[in-house]
Amino acid sequence: MLLTIDVGNTNTVLGLFEGDEVIEHWRINTDPRRTADEIAVVLQGLIQQSPLLVETDISGIALCSTVPSVLHEMREMCRRYYGDVPAIIVEPGVKTGVPVRMDNPKEVGSDRIVNSLAAIHLHGGPAIVVDFGTATTFDCISARGEYVGGAIAPGIEISIDALSMRGAQLHKIELVRPRHVIAKNTVEALQSGIIFGFAGQVDGLVDRMVEELSDNPDEVKVVATGGLAPLVLEEARSIDVFEPWLTLHGLRLIYERNIGGS
């Protein structure tokens, strides 16, 4: 089985592949203070407690990280506890198959390249990936499979935290769809602003990107991913498909390109 690990600023998503199918997955808090030994204990505990796994033989590891301190400990964890297992870490020099057409390609987060590869593989190009994480990122891929740029906006949870910190009477709320866009109380007003506001942001940015990306708007596939995506999926008209394990699929593809099938 191939173990894939996507380390984000807020959460770390782990998945186990059998062939090209995700057979088990977990989402844990990203803690920069966690050591390699602690990561190994958490990982092995999750695997051992899974009711879905009959065997736990890890034959390969693929990971990417946007947090340098965690990446260092992940690298050490792989070395100490899975030293005999082939591992690929997405960083400069690793073959992704995605040409990066940016002023400085090294500035692009590894997870964004991984997502782009998976989107092209699953849905073809041109495409736009909208990743709802700590930040909401928009990544554009040409019909030739090139990463041509994107945009970064504050994420949903960051925006809620900022509101609760700066607004004396604005508190954290349950993120559910309110009954109406025009709210009658403070809680629903916040829910309306967040749910419908972020959906409008997505539609607005995607519409502008589509105009620049292709002469035929109908050929551009808009793929959503990320833990917070379900909050706005039904409200954002521009999203075509939701791929919850997009990054994990991209990691699997990069592993196969660099090391071979698991």
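## The annotated residue

D131 is buried, with a relative accessible area of 12%; buried means under 20% relative accessible area, exposed over 50%, and partly exposed in between (1.4 Å probe, protein chains only). This is a predicted model, in which local features need pLDDT of at least 70 and side-chain atom pairs count only at pLDDT 80 or more, while totals for chains, interfaces and linings use all residues. Residues are numbered from 1 along each chain as its sequence is written, and side-chain values use heavy atoms, with hydrogens and water left out.

The UniProt annotation "binding site", from an unreviewed entry, covers D131; UniProt positions are given in the numbering used here, feature names are shortened, and annotations may be inferred rather than shown by experiment. D131 belongs to strand β6, residues 127–132. Helices (H or I, at least four residues) and strands (E, at least two) are DSSP runs, numbered from the N terminus. Neighbours within four places in sequence aside, D131 is in contact with N115, T136, T137, T225 and G226, where contact means heavy atoms within 4.5 Å.

## T225, a contact of D131

T225 lies in strand β9, residues 221–225, and is buried, with a relative accessible area of 2%. Not counting residues up to four places away in sequence, T225 touches N115, V129, V130, D131, F132, F242, E243, P244 and L246.

## The largest pocket

The largest pocket holds about 650 Å³ of space. On a 1 Å grid over the protein atoms alone, a pocket is an open set of points with protein on both sides within 12 Å along at least five of seven lines, whereas a cavity is a set of points where a 1.4 Å probe fits but cannot get out; lining residues have an atom within 4 Å of a point. Grid points are joined across faces, edges and corners, and a volume is the space filled by probe spheres set on the points.

The lining of this pocket comprises 35 residues, of which G8, D131, F132, G133 and T134 lie nearest its centre. At least two lining residues come from each of β1, β2, α3 (110–123), β6, β7 (135–141), α4 (156–166) and α6 (246–258). The most is given by α4, with 4 residues.

## Helix α1

Helix α1 (residues 36–49) has 14 residues and reaches 20 Å from its first C-alpha to its last, close to the 20 Å expected at 1.5 Å a residue; the expected span is 1.5 Å times one less than the number of residues. Its buried residues are A36, I39, A40, L43 and I47. They cover an arc of only 100° around the axis and therefore lie on the same side of α1, the arc being that of the directions from the helix axis to the C-beta atoms. An α-helix has 3.6 residues a turn, so residues three or four places apart point the same way.

The buried residues of α1 pack against β1 (2–7), β2 (11–18), β3 (21–29) and α2 (68–81). The face turned away from the buried side carries the exposed residues V41, Q48 and Q49.

T30 is located in the loop between β3 and α1 and is buried, with a relative accessible area of 7%. T30 and N11 are 19 residues apart in sequence, yet 4.7 Å apart in space, C-alpha to C-alpha.

The structure holds 3 cavities of 30 Å³ or more, and about 70 Å³ of space lies in the largest cavity. The largest cavity is lined by T12, I28, N29, T30, D31, R34, I39, V70 and M74. The elements giving two or more residues to this lining are β3 and α2.
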